[in-house]
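Here are my notes on this model, as numbered points. Please read them with the structure open.

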Amino acid sequence: MNDDSSSFEVVHLIWLRGAGCNGCTMAMLGASEPGIEDLILGNVPDAPRVVLIHPELAVESGDVFRSSIEKAAQGKLSPFVLVLEGAIPDETQAGEGAFSKLGTSGDGSAMTLGSWVDRLAPKAAAVMAIGSCATWGGIPAAEGAPFPVKGLEDHLGSHFRSTGGLPVINVPGCAPTGEGFIETLIYVFLHLAQLVPLNLDSLHRPRWLYHHETYPLPPRVEYPPAVGFDLSNRPTVNCPVPVTGWMRSFGGCARVGGSCIGCTERDFVDRYLHTQDPIRHIDFRHAAAPSNAGFPGFSAVLFIYYVNFITAISFCIHHVVFKTLPIEFDAYGRAHLRDEEAEAPYLFADEARIRRSQNRERALEKLFDNPNVWNYSIDPVTRSSGNLVVNAVIDFEAGRVLDAQVENPQAYGAELILKNRRPSDAVQIAARIRGASSASHSIAASLALEMAGGITPPPLAIISRNLESCGEIISETIRHLFIHAGPDYSEEVVSKTTPALWRKAQKSDAPGLKVHGLETVADIMRGLNPMSGHLYLEALQMLRLANEITTLIFGRSPHASTLFPGGIGIEANREAYNQILGRVNSLLDYAKKVVAIWDDLVEFFYAAEPRYRRAGELPGNLISVGAWDHPDAYDASYANSNHWGEKRYSPPGVIINNVPRTSRLSDVNIGIEQFVDHSYYQQWNRQRYQTDPMSGPISPWHPWNKETILLPSRMNLKERYSWSTAPRWDREPMETGPIARLWISAVFGKKNCEFISGDRRSLEIDIPRGQRPSSRLRWQIPERPNTLERNRARAYQVAYAGMVAYANLLNAFDSLRRGETHMSKRFLLPEKSMGVGFWESSSGAVTHHLVVKNYNIANYQVTSPSDWMGSPRDGNGVPGCYEAAVMNTLLLEECGGREDFTGIDILRTSRSFDP
């Protein structure tokens with residue numbers, strides 16, 4: 001190590017992502033006092049200023065982003081600290097393919113995560129593992145994992161030492177607290193500068209954090225017997241959260257009534273996860289299975305058929321629901337096959353689409369003779385939750401994208417890890433599918449289990465679950481608008497990529513001056529500058545405020561600790577709801593500002609260059625499964641899902657080519673198929689189920705029939721090229737997310753929230769007076785979804801979710817006044833059952849399809865927004881939404897040639913989906 005401490009005045013921090021959920025990044029962004037921005041801006045006394053090279057926060061993408069990492073690997077970027085999030089896959093099991101890659105070498109082979117670590121670690125001043133995946137292997141290393149993985153220290157060897165003389169520094173937890181990680185990082189910097197010693201324990205963890213005794217425990221629930229909570233018979237793990245809380249000294253797993261699953265420990269999934277299962281603490285002599293076991297009784301059937309008959313009149317008789325799938329409806333709204341005798345009613349091939357796809361490929365091959373036509377790859381697309389790769393064919397002279405294919409280069413395998421486990425494990429493991437929307441996945445898993453077990457949580461638990469979801473969606477929406485998408489519209493980017501646009505912005509007044517206080521559009525763009533603009537820095541504080549709502553209810557953010565089927569582990573406490581109300585009021589004031597900012601930006605781009613209206617345009621295929629249940633309607637049953645679905649504060653629905661198809665959840669469900677023709681998965685060869693629980697026909701490719709069979713292969717854009725599957729609804733690629741939710745609410749909504757109303761053309765959101773005057777925001781349905789309208793819709797989503805939270809808080813206080821304070825019910829799954837959880841994350845629809853046999857999970861399938869929109873082509877050659885939107889994007893960037901081309905228009909479109 002260099003003896004000159006001044007060499008650590010500036011330190012590069014290189015952050016790599018492996019197999020995992022990206023939840024550690026979410027936790028790190030949630031840290032404050034100090035936050036990561038304080039290190040970057042040099043605001044921490046004695047600590048160096050940090051130059052962060054992080055795929056979630058970088059301004060640059062593709063080759064430019066990777067070039068900084070390459071400089072470090074070559075020893076040309078010193079000093080630097082290497083941080084790994086996620087486990088390192090054993091690529092020897094991938095054949096010619098890869099489970100995790102960042103870039104492609106000259107011979108076309110994948111540059112794997114392990115190879116980057118091997119090159120970087122020996123040259124790093126310090127090497128750190130954040131989270132249990134990077135430390136021990138975590139959930140990707142659990143029993144049932146589809147491929148072997150290692151933690152960072154296991155990969156490098158126990159004798160590894162960095163150039164600063166340090167072993168791998170482990171900060172375990174799933175995820176660890178962001179504040180704990182930032183604190184450890186600062187100590188590492190100060191140690192490298194020879195200002196303080198670094199006190200590590202025998203496992204190379206910061207001793208001052210990991211010395212507390214913690215006991216794996218189930219959540220606080222209304223389950224006997226109390227002896228199940230006797231600490232004397234329980235193992236001890238080390239975790240700071242029970243003492244420090246999760247953030248700003250509040251929240252924290254078992255501290256607030258949630259479960260402790262021992263997530264700081266090696267192999268915690270297999271050793272301790274079962275301890276959080278409240279089912280294990282039932283007195284089975286007195287507990288009986290639910291009487292309906294997931295199926296309605298006779299009187300309920302009559303009511304359900306009546307409800308279905310009424311909705312059928314509206315949506316099945318007067319509207320065509322399915323045009324491609326072989327499904328039709330009778331007068332009672334019951335679905336059946338058009339031809340019951342057909343041998344292969346779901347035959348997939350669409351000859352017309354296949355021919356169009358083949359014609360496109362032949363036309364592209366001819367165009368490559370043109371010197372202005374070339375392949376352009378962005379690997380990775382930064383400021384996204386995954387290492388997304390966009391491969392495009394560009395006609396540079398014409399300013400057009402001729403073709404695009406989007407690759408998800410990261411494998412995970414949570415569905416296989418869940419197989420044969422106890423069903424209650426799904427809530428915790430599913431949360432780790434995507435850290436950025438972990439609560440949404442936890443809720444979807446709980447809903448699937450509640451349906452399978454026929455259990456409905458108490459009203460206040462349903463209300464509280466809604467509140468938490470609102471907090472997460474608001475936080476993630478703010479993160480997208482200002483941390484992910486926002487920099488693409490900042491002074492730093494616009495002035496370099498489109499100087500003419502920047503000059504216009506300096507002369508353009510901002511119509512929302514009275515709301516956001518910024519005189520010109522250029523002032524807005526300056527505010528969006530990464531890590532220095534006031535709007536960027538303000539957004540970090542506001543997303544943390546929303547995270548506090550999540551933490552107050554679910555104990556932590558990300559990864560809920562208090563949630564389980566049938567309820568929530570927190571106590572009904574007026575003080576807690578008052579704390580949430582204060583935060584909601586602040587966020588509603590902020591929502592008024594956010595809408596004004598993005599309305600001004602969008603209208604400026606349209607006025608300055610009308611062709612931006614066509615950027616990222618799609619035909620209006622929209623899907624939402626709805627969110628935020630009404631406690632008087634939700635009963636968890638599939639048979640009654642159309643009733644409780646339409647009562648949601650954000651209703652479900654499907655729109656194809658701008659034409660409404662259905663708002664019934666059962667129709668949404670039976671129309672889903674998943675294809676793997678161009679994915680790194682093998683096609684399954686059996687159909688377990690012919691129908692759903694209401695006798696509606698389902699496809700052999702429906703999630704209840706799907707099997708996850710990995711088939712790693714060398715990337716080939718004409719064959720297999722992504723770890724995402726290709727979900728379709730009625731064989732159509734579907735867009736989901738805020739623009740779909742708002743659009744469907746405007747078309748199908750029935751004023752389920754007293755503060756929100758739609759008239760089939762627009763939505764009006766009434767926000768009460770706070771620090772800012774009361775406002776009525778009006779979101780207008782655009783002609784078609786496009787890049788800018790997706791961002792505008794997200795801005796209005798902050799207000800929408802904020803007012804849903806406000807309405808639920810009013811209901812919560814009413815429940816407390818009535819003395820309805822129960823937060824959980826007893827829960828017991830039958831031996832054999834099925835369920836599906838429908839929910840919405842910030843970026844779109846989430847569905848969890850569950851099959852239980854012999855009291856264990858027989859099959860578990862997750863369809864996420866990144867699957868819906870980031871899918872590869874299907875068997876008919878139809879591109880996914882990301883791909884089609886990039887193909888519909890004009891290249892309006894001002895540059896002299898290939899060497900100056902940044903692909904900003906492609907990046908704006910890709911990021912508009914919050915990938």
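How many residues apart are Arg-792 and Glu-789 in helix H25, and what separation is that in helical turns?

1. The model is predicted. Arg-792 and Glu-789 are 3 residues apart in helix H25 (residues 787-817), so about one helical turn separates them. Their side chains meet in a salt bridge, at 3.0 Å from N to O. Both ends are covered. Arg-792 counts as buried because its relative accessibility is 11%. Glu-789 has a relative accessible area of 7% and is buried too.

2. Arg-205 and Glu-265 form one, with 3.8 Å between N and O. Arg-205 sits in the loop between helix H7 (178-192) and strand E10 (213-214), and Glu-265 in the loop between helix H8 (241-244) and helix H9 (268-271), so the pair ties together parts that are 60 residues apart in sequence. Arg-205 is buried at 5% relative accessibility. Glu-265 is buried at 14%.

3. Asp-730 and Arg-661 form a further salt bridge, their closest N and O atoms lying 2.9 Å apart. Asp-730 belongs to the loop between E23 and helix H24 (738-748), and Arg-661 to strand E21 (residues 659-662), so this pair links parts 69 residues apart in sequence. Both residues are buried.

4. The salt-bridge count comes to 50. A network joins Asp-759, Arg-761, Glu-764, Asp-766, Arg-776 and Arg-778.

5. Now strand E23 (residues 726-729). Both of its faces are covered. Ala-726 and Arg-728 are buried on one side, Pro-727 and Trp-729 on the other. E23 pairs with strand E22 (residues 672-675) in the antiparallel sense, over 4 bridges. Trp-729 is the bridge partner of Ile-672.

6. An open sheet of 5 strands runs in the order E2-E1-E3-E7-E9, with parallel pairing. E2 and strand E9 (169-171) are the edge strands, each pairing on one side only. The twist averages 25 degrees from one strand to the next. Within this sheet, E3 and strand E7 (residues 126-130) pair in the parallel sense over 5 bridges. Leu-82 stands opposite Val-127 in E7. Helix H4 packs on the sheet, touching E1 and E3, and its direction makes about 155 degrees with that of E1.

7. Helix H3 (residues 62-73) has 12 residues and reaches 17 Å, close to the expected 16 Å. Its buried residues are Gly-62, Phe-65, Arg-66, Ile-69, Ala-72 and Ala-73. Seen down the axis of H3, they fall within an arc of 115 degrees, so they line one face of the helix. The face turned away from that buried side carries the exposed Asp-63 and Val-64. The packing partners of the buried residues include strand E1 (10-17), strand E2 (49-53), strand E3 (80-85) and helix H4 (113-120). Gly-75 follows H3, with a positive phi near 80 degrees.

8. Compare helix H14 (residues 438-453). H14 has 16 residues and reaches 22 Å, close to the 22 Å expected. Here 16 of 16 residues are buried. Just after H14, Gly-454 takes a positive phi of about 65 degrees.

9. Last, Ile-549 in helix H20 (residues 534-554). Ile-549 counts as buried because its relative accessibility is 3%. Leaving out residues up to four places away in sequence, Ile-549 touches Leu-467, Gly-471, Ile-580, Arg-583, Val-584 and Leu-587. Ala-576 is 27 residues from Ile-549 in sequence and 9.4 Å away, C-alpha to C-alpha.

Methods. Residues numbered from 1 in each chain as written. Predicted model: local features only at pLDDT ≥ 70, side-chain atom pairs only at ≥ 80, totals over all residues. Heavy atoms only, no water. Helix = DSSP H or I, 4+ residues; strand = E, 2+ residues; numbered from the N terminus. Buried < 20%, exposed > 50% of the residue type's maximum accessible area, 1.4 Å probe, protein only. Contact = heavy atoms within 4.5 Å. Expected span 1.5 Å × (residues − 1). Arc of directions from axis to C-beta. Pairing = 2+ DSSP bridges. Axes fitted to C-alpha atoms, helices over the stretch in contact; angles between N-to-C directions. Salt bridge = Lys/Arg side-chain N within 4 Å of Asp/Glu carboxyl O.
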